[in-house]
Amino acid sequence: MARHLYLAAGLICVALGAIGAFLPVLPTVPFLLLAVFCFARSRPEWAERLYAHPRYGPALRQWRDRRAISRKAKLSALAVMALSAAVSWATIGWPWAAAVTGVLLCTGTWIATRSE
């Protein structure tokens, strides 16, 4: 039963990652990392196919091997997070924007401290 749940979760994450490849506000690689995690527990050969992907495979392997995020990915993530915080302040105002900004600050700090 658990294998089927992991497989379903992995497929959902791949679908969200595919959508994120075309929408700039939805991240692709984090969903693919979740998919690899799920596939490793349900269909390991599918996880290996993601690691072998020509575009996303290198980022997935860097994370698996060294817990590293490329400098370009870090800068992109931090720029989009800063833009998201600004849009939150402009549209939803206090106190919700403060909560969003707090989460983004914590997440951004974590991303910035990962090795390259």
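Okay, let's start with the lining of the largest pocket: its residues split into 27 nonpolar, seven polar and three charged. Here Ala, Val, Leu, Ile, Met, Phe, Trp, Tyr, Cys and Pro count as nonpolar, Asp, Glu, Lys and Arg as charged, and the others, Gly among them, as polar. A quick word on where this comes from: it's a predicted model, with pLDDT of at least 70 needed for local features and 80 or more for side-chain atom pairs, while totals for chains, interfaces and linings use all residues. Residues are numbered from 1 along each chain as its sequence is written, and side-chain values use heavy atoms, leaving out hydrogens and water.

What do I mean by a pocket? On a 1 Å grid over the protein atoms alone, it's an open set of points where a 1.4 Å probe fits, with protein on both sides within 12 Å along at least five of seven lines; lining residues have an atom within 4 Å of a point.

The largest pocket has a volume of about 1400 Å³, where volume is the space filled by probe spheres set on the points, joined across faces, edges and corners. Its lining has 37 residues, and P27, T28, P30, A73 and A77 lie nearest the centre. Which helices supply at least two residues each to that lining? They are α2 (29-42), α4 (57-66), α5 (71-91) and α6 (96-112). When I say helix, I mean a DSSP run of H or I with at least four residues, numbered from the N terminus. The biggest giver is α5, with ten residues.

Now for the second largest pocket, at about 240 Å³. It's lined by 14 residues, and closest to its centre are L33, V36, F37, Y51 and W63. Two or more lining residues come from each of α2, α3 (44-51) and α4. This time α2 gives the most, with six. By class, this lining has ten nonpolar residues, four charged and no polar ones.

While we're on α2, look at V29, which lies in that helix. The cut-offs are under 20% for buried and over 50% for exposed, with partly exposed in between (1.4 Å probe, protein chains only). If we skip neighbours within four places in sequence, V29 is in contact (heavy atoms within 4.5 Å) with Y56, A59 and L60. By comparison, A85 sits 56 residues away along the chain, and its C-alpha is 21 Å from that of V29.

Next up, helix α1, residues 2-20. (The expected span is 1.5 Å times one less than the number of residues.) The buried residues in α1 are L7, G10, C13, G17 and G20. These cover an arc of only 140° around the axis, which puts them on the same side of α1. That arc is taken from the directions from the helix axis to the C-beta atoms. Here's the background: an α-helix has 3.6 residues a turn, so residues three or four places apart point the same way.

What does the buried side of α1 pack against? Its buried residues meet α2 and α3. Turned away from that side, the face of α1 carries the exposed residues H4, L5 and I12. Over in α3 we find W46, partly exposed at 27%. W46 touches L7, L11 and F39, again not counting residues up to four places away.

Then there's α6, with 17 residues. From first C-alpha to last it reaches 24 Å, close to the 24 Å expected. Its buried residues are A97, T101, G108 and I111. Looking down the axis of α6, they fall within an arc of 85°, so they line one face. Those buried residues pack against α5, while V103 and C106 are exposed on the other side.

Last, the loops. Between α5 and α6 sits P95, joined to W94 by a cis peptide bond with omega about -10°. In the loop between α4 and α5 is R67, whose phi is near 55°, a positive value in a residue other than glycine. R67 is partly exposed, at 47% relative accessibility.
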